[in-house]
Amino acid sequence: MLLITGGTGFIGARFAQKLTQTEQEVRLLLRPQKTNPNLPRNISLEIAVSSLQDSRSLRAAMKNVKTVFHFATAEHQLPVADYEGVDIEGTRNLMEAARDAGVERVLYLSRVGAEKNSSFPVLKSKALAEEIIRNSGIPYSILRLTDVFGKDDHFSTQIRAAVMHSPLMLPIPGDGKTNLQPLWIEDLLTCLILINEEGVFENLTYELGGGEYYSFRRLIKIMMQQMRRKRLILPVSPAYLRLYNLWFKQYKDSFPFSTLWLDLLAVDRTCPLNSLPRNFGLLPARFTHHLDYLQRKV
């Protein structure tokens, strides 16, 4: 049995669908919520309901589980992301339950740039979660990712929304020279399947990214061309955009960009261009070849 946390998210739902095609037994860990969860469609899987703060329910969810793929994160919570409760303490509780249940291996999705001394909460929380996993005593693989793109992602579709909601001008943080390295979702899923099938849990941390570097400004221009939209790109001090988000409490993250985006755009989000071929023997897909979904109507 394989347990996925964050199994209704962009990456988790697609991974669950891939696994069911291999006849792998899959269980999704869902947090209690009032609304209906966005479950993967047309596949058979088990459901366990527990928050990452409920140690008792977590232990029950671990019954017969041998492998945990930990994708859950507070990154996309609004108006305020609970990194402490979800990414740090949640990971601690999950690993304690996994260790008590005899789980044999764990995979964790982190971010390129994760650092315990980072000034940015998302990167600091990822690094602390990594440390918890390394100290758990369970064999692990940690994947530090750049920005993963595909239909309904948290990357290109948010940029698209910002463009669509901008009146003639698109404010961006700073000069737009931050370098990005988009990773196609299907390339990531292939890596995850390979890790699971070949048992690549050797207590290693991998950095994974696409095969091209783009400045943020260049990437926006490519996407606007794909969308057949024109906007004047307006550089704005990140400090002013942070004040804007604080004032409006980020109830909408489509315009211009959320505080998470401002944090991540403060530093280059890149790794070696040969990360996929070197670690998994895959040739990364080109960003410009997989953007057809951006043309859909709002």
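**Conventions.** I number residues from 1 along each chain as its sequence is written. The model is predicted, so I take local features only at pLDDT of at least 70 and side-chain atom pairs only at pLDDT 80 or more, while totals for chains, interfaces and linings use all residues, and side-chain values use heavy atoms, without hydrogens and water.

**Overall.** I looked up the secondary structure and found 10 helices and 13 strands (DSSP runs, H or I of at least four residues for helices, E of at least two for strands, numbered from the N terminus). The C-alpha trace spans about 55 × 40 × 40 Å along its principal axes. The radius of gyration is 19 Å, which agrees with the value near 19 Å for a compact globule of 298 residues (taken over C-alpha atoms; the rule is 2.2 Å times the number of residues to the power 0.38).

**Domains.** I noted domain 1 as 2–145 and domain 2 as 154–178 + 212–268 + 285–294; the bounds come from an automatic or database domain assignment. Their C-alpha centres are 28 Å apart.

**Interface.** I found 11 residues of domain 1 in contact with 11 of domain 2 (heavy atoms within 4.5 Å). The two domains bury about 990 Å² between them, 71% of it from carbon and sulfur atoms (accessible area, 1.4 Å probe, lost on being put together and summed over both parts). I then searched this interface for salt bridges and got 0 (a side-chain nitrogen of Lys or Arg within 4 Å of a carboxyl oxygen of Asp or Glu). On the domain 1 side, helix H4 (residues 121–134) gives the most, with 3 residues.

**Salt bridges.** Over the whole structure I found 13 salt bridges. One that I looked up pairs arginine 27 with glutamate 46, with the closest N and O atoms 3.0 Å apart. Arginine 27 is in strand S2 (residues 26–30) and glutamate 46 in strand S3 (residues 46–49), so the pair ties together parts 19 residues apart in sequence.
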